[in-house]
Amino acid sequence: MTPIRRWLPALALLLAAALADAAPDRQWAYGPDSTQRLDVYLPARPQGAPVLVMVHGGAWMYGRPDAPNVVDAKVSHWVRERGFVFVSVGYRLVPAVDVATQAQDVARALAEVQRLAPDWGADPQKLVLMGHSAGAHLVALLSADPAQAVAQGARPWRGSVVLDSAALDTEALMQRRHLRMYDRAFGSEPAAWRAVSPTARLAPASLPMLLVCARERRDDSCAQSAQFAGRVQKAGGHATVLPQPLSHSEVNARLGEPGAYTQAVDRFIDTLLAGTR
């Protein structure tokens, strides 16, 4: 093997690293547990930048805020192309804590982002919350009843993007045939189901929500999203359903890639930031 060929694998790795998305510009702990952290990605000129806060999924039991499908395409689009500050939130996981405590973690993280945003050159009043899967459930729960977040020190935000949750009516979910992971997450007590159900916690002061759903999903999250949106609207709030011809994982990983899907989410976010919803 020639010297050049011998070094080709190493050179390929170096090139891949150079082309990969950058590590977070800052990391910040908002609690004593190692999972309670904020990964912050900053644009080149963040003066007055809007903030997009992302909550990862993982069946409430696993997942990381720095996973490539959580950050890569989103950072490329919203930070590098659009000049947003992007914050990916880590939170404690089941069984170390229950789902209600996870929602409190996300609320506390949100309060910390709002407190620190001016230090990053961002505008805390231009903040949009986003979550996928289990993270989407937590985002919907707080958006349905923002008083939960206010109790943890957060201020109301502009609105939320809910990426393919099938647990929007947690009580109904637990009373029909369901995957075992929901038992591990929500337990067996009806009172606990109700406490973490976005539908049960829905308040007149709910925040605007875009409910993205995956058509290529067997448990029909689109029908669940439509039902929840109808209840939000009946209560006087604003919710829109955005079905996508994607799988559950693709709804997350492909958001931020060029195309109609990302453009539709952009339009919703821009409407929130313009204050017209």
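**A covered strand, its disulfide and the surrounding helices**

Strand β7, residues 209-214, is mostly covered, with six of its six residues buried; buried here means under 20% relative accessible area, with exposed set at over 50% and partly exposed in between (1.4 Å probe, protein chains only). Helices (H or I, at least four residues) and strands (E, at least two) are DSSP runs, numbered from the N terminus. The model is a predicted one, in which local features need pLDDT of at least 70 and side-chain atom pairs count only at pLDDT 80 or more, while totals for chains, interfaces and linings use all residues. Residues are numbered from 1 along each chain as its sequence is written, and side-chain values use heavy atoms, with hydrogens and water left out.

The predictor's confidence in each residue is given as pLDDT, on a scale from 0 to 100. The chain has a mean pLDDT of 92, and 91% of its residues reach 70 or more. Over residues 1-20, however, pLDDT stays under 50, and for this stretch the model has two contacts beyond four places in sequence; a contact means heavy atoms within 4.5 Å.

To return to β7, its two faces can be taken in turn. In a regular strand the side chains alternate between the two faces of the sheet. On one side of β7 lie Met209, Leu211 and Cys213, on the other Leu210, Val212 and Ala214, and all of these are buried. Two strands count as paired if DSSP finds at least two bridges between them. Strand β6 (residues 159-163) runs parallel to β7, and four bridges join the two. Strand β8 (residues 239-244) also pairs with β7 in the parallel sense, over six bridges. Leu210 of β7 takes part in both pairings: Val161 stands opposite Leu210, and Leu210 in turn stands opposite Thr240 in β8.

Cys213 brings a covalent link into the picture. A search of the whole structure finds one disulfide, the term being used for a pair of cysteine sulfur atoms within 2.5 Å. The bond joins Cys213 to Cys222, with an S to S distance of 2.2 Å. The angle about the S-S bond is 100°, and the link of Cys213 and Cys222 is right-handed. Both partners are buried: Cys213 has a relative accessible area of 0%, and Cys222 counts as buried at 15%.

Aromatic rings form a further theme. Rings of Phe, Tyr and Trp (its six-membered ring) pair if their centres lie within 6.5 Å; planes under 30 degrees apart count as stacked, over 60 as edge-to-face and the rest as tilted. The structure holds four such aromatic pairs. In one of them, the rings of Tyr182 and Phe186 have centres 6.2 Å apart and planes at 5°, so this pair is stacked. Tyr182 and Phe186 are four residues apart in helix α7 (residues 180-186), and so are separated by about one helical turn. Tyr182 is buried at 4% relative accessibility, and Phe186 is buried at 5%. Ring pairs also bring in Trp60, which forms a cluster with Tyr182 and Phe186.

Gln102 is buried, with a relative accessible area of 0%. Apart from its neighbours within four places in sequence, Gln102 is in contact with Trp60, Tyr91, Arg92, Leu93, Val94, Val97 and Leu138.

Buried residues in α11 include Tyr261, Asp266, Phe268, Ile269 and Leu273. Thr262, also in α11, is buried at 3% relative accessible area. Beyond its neighbours within four places in sequence, Thr262 has contacts that include His77, Trp78 and Arg254. Just after α11, Gly275 takes a positive phi of about 75°.

Phe84 is found in the loop between α2 (68-81) and β4 (85-89), and counts as buried at 2% relative accessibility. From Phe84 to Pro43 the C-alpha to C-alpha distance is 6.3 Å, although the two are 41 residues apart in sequence.
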